[in-house]
Amino acid sequence: MKKIFLAITFIFALFTVEEASAQCNAELYVTKSMKELNPGFQFSKSYRIDGRNGTRRKIEYTCVLAKDTSYQITISGKDGGAQGLISTLYNAKRRKIISSFYNNRFLNTWTYKCTSTGIYYLSFTFKDSKSYCGAAVLGFKR
């Protein structure tokens with residue numbers, strides 16, 4: 001009986017360790033993204049991008065941007081830099097304003113000077129990602 005109990009405990013521990021290693025530790029990438037903000041930009045907010053091993057293809061946040069303020073997004077992911085992660089900014093009417101995927105390249109950062117105060121949608125999607133894990137940081141400069 002004791003051997004069966006030990007075997008079940010061992011199997012349970014094995015699955016628990018495997019599941020823990022597959023989780024997305026977005027905090028690590030928040031720190032990386034914060035370091036990549038250009039000088040003059042102040043940290044505003046961080047965004048965790050956890051695609052849950054590919055089950056979530058799109059993660060979207062809302063944000064309020066102010067007119068005549070420059071904003072910068074920096075992205076870091078488990079695949080290295082922004083590889084596999086695309087950030088896209090949409091206005092309140094869901095019109096695409098800017099994207100980090102340009103000419104088939106994943107850009108680590110983009111900067112946008114806001115022309116109208118209001119609600120915006122910041123969307124993160126995955127393209128050819130292996131990890132579905134990362135983070136982004138929003139900075140601003142007036």
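**Close-ups of a predicted model**

**View 1. A four-stranded open sheet.** The open sheet has 4 strands in the order β2-β9-β4-β5, paired antiparallel (pairing takes at least two DSSP bridges; strands are DSSP E runs of at least two residues and helices H or I runs of at least four, numbered from the N terminus). At the edges sit β2 (58-65) and β5 (96-99), each pairing on one side only. This is a predicted model, so local features need pLDDT of at least 70 and side-chain atom pairs pLDDT 80 or more, while totals for chains, interfaces and linings use all residues. Residues are numbered from 1 along each chain as its sequence is written, and side-chain values use heavy atoms, with hydrogens and water left out.

**View 2. Where β4 meets β5.** Strand β4 (residues 85-90) runs antiparallel to β5, joined by 3 bridges. L89 stands opposite I98 in β5.

**View 3. The buried residues of α2.** In helix α2 (residues 26-35), A26, Y29, V30 and S33 are buried (under 20% relative accessible area; exposed is over 50%, partly exposed in between, with a 1.4 Å probe and protein chains only). Their cover includes β1 (42-50), β3 (70-77) and β10 (133-141), with contact meaning heavy atoms within 4.5 Å.

**View 4. An aromatic cluster.** Y47, Y61 and F124 form one aromatic cluster (Phe, Tyr and Trp rings, using the six-membered ring of Trp, pair with centres within 6.5 Å; planes under 30 degrees apart are stacked, over 60 edge-to-face, the rest tilted). Y47 is buried at 1% relative accessibility, F124 is buried at 0%, and Y61 is partly exposed at 25%. The Y61 and F124 rings have centres 6.2 Å apart and planes at 75°, so that pair is edge-to-face.
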